[in-house]
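Here is a short report on a two-part model. Please look at the sequence and the structure first, then read on.

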Amino acid sequence: MMTLWKNYRYLLLRRITQIGLMFLYFGANVWGWNILVGNLSSSKIFGLIPMSDPYATLQMFFAGAVLSADLLLGVAIATLFYLVVGGRAFCSWVCPINLITDTAGYVRRKVGIDRSQGFRQPASRQLRYWVLAMSLVISTLMGVAAFEFISPVSMVYRGIAFGLGFGWAAMLVIFLFDLFVLKDGWCGHVCPLGGFYSLLGSFSLLRVLYNQEKCTLCMKCKTVCPEHQVLHMIGKESLSVTSGECTNCARCIEVCEDDALGFSIRKLVKR
Amino acid sequence: MNETKREPISDRRKFILNMARGVGLATMGGFVWSAHVNEAKASSLLLRPPGAIKESDFLKTCIKCGLCVVACPYNTLFLAKAGENKPIGTPYFTPREMPCYMCPTIPCVPVCPTGALDEESLLTNQKLDINRADMGVAIVDSNSCIAFWGIQCDACYRACPLLGKAITIEYSKNERTGKHAYLKPVVQIDSCTGCGMCEKACVTEKAAIFVLPREVALGRAGDHYIKGWDKEDEKRVKNATSKTTTTEISKKSAVDSLNDTKELY
């Protein structure tokens, strides 16, 4: 039981936050709870603290919308929050699509699609930054927030509180894409929201720290990591994972049997 | 043996090919994405919550958070779902199912974080005034409205929250029977807020009075016509510009043109 907890504690906590947040939003619309109202695009906490999606707001800015003070305050709060806990902490602790892509990744490993495909990935992980740039260009040209019109993240979240419609099809497409086409396809290659939080996360405080002295080079961390390129230092030197692409999901910490990985606060001053 | 040795691809060629691949992919993706967005934002028949700014600005400004939907006590508002052919995630209402009940406190508007629902536009003397809302305008189809047939019905008139202002009854003689009156509902477009309570109340199978966005429902007389008897109407054409066209006949003045007899002989 203790090993089970040790091996899955962060995963369990993540699922609890992911599902719990959805439940709170759902309760707000259905039972009139006042804890967390709205959805991931913009919400009010306890009817007081605003929180807004900085990436959606950036697109709105490019589309030519007049940004209100309320909105900018919400963006500032969200940005500060993710600057502390890690930009892509959003991806692994909040985003509902993570449940889908993690499932696809798990099935991939278990069924052996990973091994049959080998290491050849037909797309670059830099793709998301291009999609991010393109979303801003299209927002400018079309005069609407471009990614918000196709975002499966918002679609699922709106689906929970306000009705899903055909949103399930988008979820299925992402699952199949991640399962059969591209390993870590949506979250690790395509999603511009993840790209945005990657850029934000390059500056964030809470990071995973690697200790080479304890490491026995079992490489379990690299197998389980959805962004394995961020663990480039394994077996080489003791470093923090500084890449913004790390989602702080902490799976590497859990699977490590040598206690070589753990959370730490990044050193702001370089020695 | 005619095996020809393949030349390895040079770094320069590799670079150029990769660039071309990237540009091609970006162009393809960009066009597909733009086309989808263009289609998705095209619906113009939606009724927005009170205080909504102009539709094109609304689509830019609404962040699709649904706070207005949660705030509405009557469950009037919905966020457009995927596959409904409406701009996804934006709030709208369908009056025949649930109209706007025009709460005096307008709970849906102040919660809007982005200003897509504009509180300013609903203020009268610094106080929220739902009667200033302009969600659309009611239109009567006189062919299917039974009051126009001569059957007595004033369901829409009674349902209207601006009773006697936004819908008035016009009396006229029923020549067919010679002894009855028509009581025809007429929408006063300056007062109508587009709440849709008339549409909800309408007794016909498909509502004979229904709300459409103003841009869709109304025409525009333009600058060429003016109510000469109405001083207020002058203001409407204040910014009118004149454009003079010259044709073969109008080159000369009208009198000269009439006096020119050359063409007669």
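What percentage of the 271 residues of chain A count as buried? The share is 45%. The model is a predicted one.

## Chain A: overall form

Chain A holds 13 helices and 5 strands. Its radius of gyration is 19 Å, close to the 18 Å that the globule rule gives for 271 residues, so chain A is as compact as a globular protein of that length. Taken along the principal axes, the C-alpha atoms of chain A fill a box of roughly 55 × 40 × 40 Å.

The contacts of chain A can be sorted by sequence distance. Take those between residues at least 6 apart in sequence: 72% of them join residues at least 24 apart.

## The sheet of chain A

Three strands of chain A form an open sheet. Their order is β1-β2-β3, and the pairing is antiparallel. At the edges are β1 (36-39) and β3 (49-52) of chain A, each pairing on one side only. On average, neighbouring strands of this sheet are turned by 10° against each other, direction ignored. In general, strands of a sheet pair through backbone hydrogen bonds, in either the parallel or the antiparallel sense.

Strand β2 of chain A covers residues 42-45. It pairs with β3(A) over 4 bridges, in the antiparallel sense. One bridge can be named: S42(A) has S52(A) of β3(A) as its partner. Helix α3 of chain A, residues 69-85, lies across β2 and β3 of chain A. This helix runs at about 80° to β3(A).

M219(A) sits in the loop between β4 (206-210) and α12 (220-224) of chain A.

A buried residue would need 20 or more, and an exposed one 12 or fewer.

## Chain B: overall form

Chain B contains 9 helices and 8 strands. A compact globule of 265 residues would have a radius of gyration near 18 Å. Chain B has 29 Å. Along the principal axes, the C-alpha atoms of chain B fill a box of roughly 110 × 80 × 45 Å.

How many of the 265 residues of chain B, in percent, count as buried? The value is 32%. Among contacts in chain B between residues at least 6 apart in sequence, 66% join residues at least 24 apart.

## Two domains in chain B

The domain assignment of chain B gives domain 1, residues 30-135, and domain 2, residues 136-214. The C-alpha centres of domain 1 and domain 2 of chain B lie 26 Å apart. The two domains touch: 12 residues of domain 1 of chain B are in contact with 15 residues of domain 2 of chain B. What makes up the domain 1 side of chain B that touches domain 2 of chain B? The residues there divide into 8 nonpolar, 2 polar and 2 charged.

## Two loop residues of chain B

M102(B) is not a glycine, yet its phi is positive, at about 50°. This residue lies in the loop between β2 (91-92) and β3 (123-124) of chain B. M102(B) counts as partly exposed, because 17 C-beta neighbours fall inside 10 Å.

I226(B) is in another part of chain B, the loop between α7 (214-217) and α8 (233-236). It too is partly exposed, with 14 other C-beta atoms within 10 Å. Leaving aside its neighbours within four places in sequence, which residues does I226(B) contact? They are D233(B) and V237(B). A116(B) is 110 residues from I226(B) along the chain, and their C-alpha atoms are separated by 34 Å.

## Where the chains meet

How many residues of chain A are in contact with chain B? On the chain A side there are 43, and they contact 32 residues of chain B. The chain A side that touches chain B divides into 24 nonpolar, 15 polar and 4 charged residues.

Definitions and conventions:
Residues are numbered from 1 along each chain as its sequence is written. Chains are lettered from A and ligands numbered from 1 in the order in which they are written. This is a predicted model: local features need pLDDT of at least 70, side-chain atom pairs count only at pLDDT 80 or more; totals for chains, interfaces and linings use all residues. Domain bounds come from an automatic or database domain assignment. Two residues are in contact if their C-beta atoms, placed from the backbone, lie within 7 Å. Ala, Val, Leu, Ile, Met, Phe, Trp, Tyr, Cys and Pro count as nonpolar, Asp, Glu, Lys and Arg as charged, and the others, Gly among them, as polar. The radius of gyration is taken over C-alpha atoms; the globule rule is 2.2 Å times the number of residues to the power 0.38. Two strands pair if DSSP finds at least two bridges between them. Axes are lines fitted to C-alpha atoms, for helices over the stretch in contact, and angles run from 0 to 180 degrees between N-to-C directions.
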